[in-house]
Amino acid sequence: MRDFEGPLLVTGATGRSGGAVLDALTGRMPLRVASRGGRPVGDVPGTVFDMADPATHEAALEGAGGLFLLRPPSITDRKVIARFLDAAFAA
């Protein structure tokens with residue numbers, strides 16, 4: 001498993017797929033959950049993130065060493081996804 005400089009930012013952690021990733025990695029590496037509410041999931045700290053709101057991207061990505069990205073089903077516009085990916089690569 002890769003050593004990260006910072007926590008793995010996990011999107012979609014309150015759903016089935018992202019939740020499975022979170023379950024598999026909890027205790028094995030530093031994690032942070034990204035969600036619109038910014039609430040923690042279990043012992044994993046949360047951060048506010050909304051893929052459709054670029055104002056939340058920089059703060060959510062700050063200090064992250066990696067990213068598990070699960071596109072929200074409601075977001076189908078590739079430009080929205082690309083805008084977030086650009087921010088992630090810049091971070």
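Two strands count as paired if DSSP finds at least two bridges between them. Strands here are DSSP runs of E with at least two residues, and helices are runs of H or I with at least four, numbered from the N terminus.

What I am showing is a predicted model, where local features need pLDDT of at least 70, side-chain atom pairs count only at pLDDT 80 or more, and totals for chains, interfaces and linings use all residues. Residues are numbered from 1 along each chain as its sequence is written, and side-chain values use heavy atoms, with hydrogens and water left out.

Start with strand 1, residues 8–11. Strand 4, residues 66–68, is parallel to strand 1, with three bridges between them. L9 has L67 of strand 4 as its bridge partner. Strand 2, residues 31–35, also runs parallel to strand 1, through four bridges, and there T11 sits opposite A34.

In a regular strand, side chains alternate between the two faces of the sheet.

Now helix 1, residues 16–25. Which of its residues are buried? They are G18, G19, V21, L22 and L25. The face turned away from the buried side carries R16 and D23, which are exposed, that is, over 50%. After helix 1 comes G27, with a positive phi near 85°.

Technical notes
Buried means under 20% relative accessible area, exposed over 50%, partly exposed in between (1.4 Å probe, protein chains only).
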